[in-house]
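I opened my notebook to look up ring contacts and pockets. Here is what I went through, entry by entry.

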Amino acid sequence: NNGHVKQFLVSDGQMIKDYGPTFENDRTVSITTTNDNKYLFAGSIGGHLKQICLERREVVHDYGQIHADSISCLESTRDSKWLITGSWDKHVKRISVEKREVDKDLGQVCDNRITTMKITADGEKLFVGDCMGQLKLISLKDGDVVKDFGKIHNSYITGIMITEDQKSFFT
């Protein structure tokens, strides 16, 4: 990836739009859309964040550097009000999509680089996995640890999926 965010058709793989170099001298490493599909967010190795309007197909806000290291994962709440960023700097931040600003730094929630996150269905908690196989469930209100699952893998946790009934999860 040379820093570009590109949009393609699922049916035949044809490129619809190349948004160009999203970051100067930096690379895009994480992307997500809001659940209402109005915006796409791109995070970079250097900790920068940009917001792209999908209807207008252009960058509408540059948040600048919001993390000290790579933004490794991005999650949008179901109501599309908040974007959650996780970083190799071990911090989680909550972004107000409407106000286009960092609403709250939830602090250093892990001892190691954050590699994956998943918001619970109620939108109140966040699973956070790291590069050493540790998993935590934190409050999106204040960043407090709700449950520390400890080391559940020998290495990177690369993804989290919560079952529809919210009674179990996969990593």
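**Entry 1: the rings.** I started with the aromatic side chains and found that ring pairs link Phe127, Phe149 and Phe169 into a cluster. I kept in mind that this is a predicted model. The structure holds four aromatic pairs. One of them is Phe127 with Phe149, stacked at 6.0 Å centre to centre with 25° between the planes. Phe127 lies in strand E12 and Phe149 in strand E14, so this pair ties together parts that are 22 residues apart in sequence.

I then looked up Phe149 with Phe169: the centres are 5.3 Å apart and the planes are at 70°, so I noted this pair as edge-to-face. Phe169 lies in strand E16, so the pair ties together parts that are 20 residues apart in sequence.

**Entry 2: accessibility.** Phe149 is partly exposed at 29%, and Phe169 is partly exposed at 28%.

**Entry 3: charges over rings.** I found the charged end of Lys147 over the ring of Phe149, 5.5 Å from its centre. Arg94 lies over the face of Trp82, at 4.7 Å from the ring centre.

**Entry 4: pockets.** Trp82 turned up again, among the residues nearest the centre of the second largest pocket, which has 13 lining residues. I noted a volume of about 180 Å³ for this pocket.

The largest pocket holds about 230 Å³ of space. It is lined by 14 residues, and those closest to its centre include Glu75 and Arg78. Strand E7 gives the most to this lining, with three residues.

Technical notes. Residues are numbered from 1 along each chain as its sequence is written. This is a predicted model: local features need pLDDT of at least 70, side-chain atom pairs count only at pLDDT 80 or more; totals for chains, interfaces and linings use all residues. Side-chain values use heavy atoms; hydrogens and water are left out. On a 1 Å grid over the protein atoms alone, a cavity is a set of points where a 1.4 Å probe fits but cannot get out, and a pocket is an open set with protein on both sides within 12 Å along at least five of seven lines; lining residues have an atom within 4 Å of a point. Grid points are joined across faces, edges and corners, and a volume is the space filled by probe spheres set on the points. Helices (H or I, at least four residues) and strands (E, at least two) are DSSP runs, numbered from the N terminus. Rings of Phe, Tyr and Trp (its six-membered ring) pair if their centres lie within 6.5 Å; planes under 30 degrees apart count as stacked, over 60 as edge-to-face and the rest as tilted. Buried means under 20% relative accessible area, exposed over 50%, partly exposed in between (1.4 Å probe, protein chains only). A charge sits over a ring if NZ of Lys or CZ of Arg is within 6 Å of the ring centre and within 35 degrees of the ring normal.
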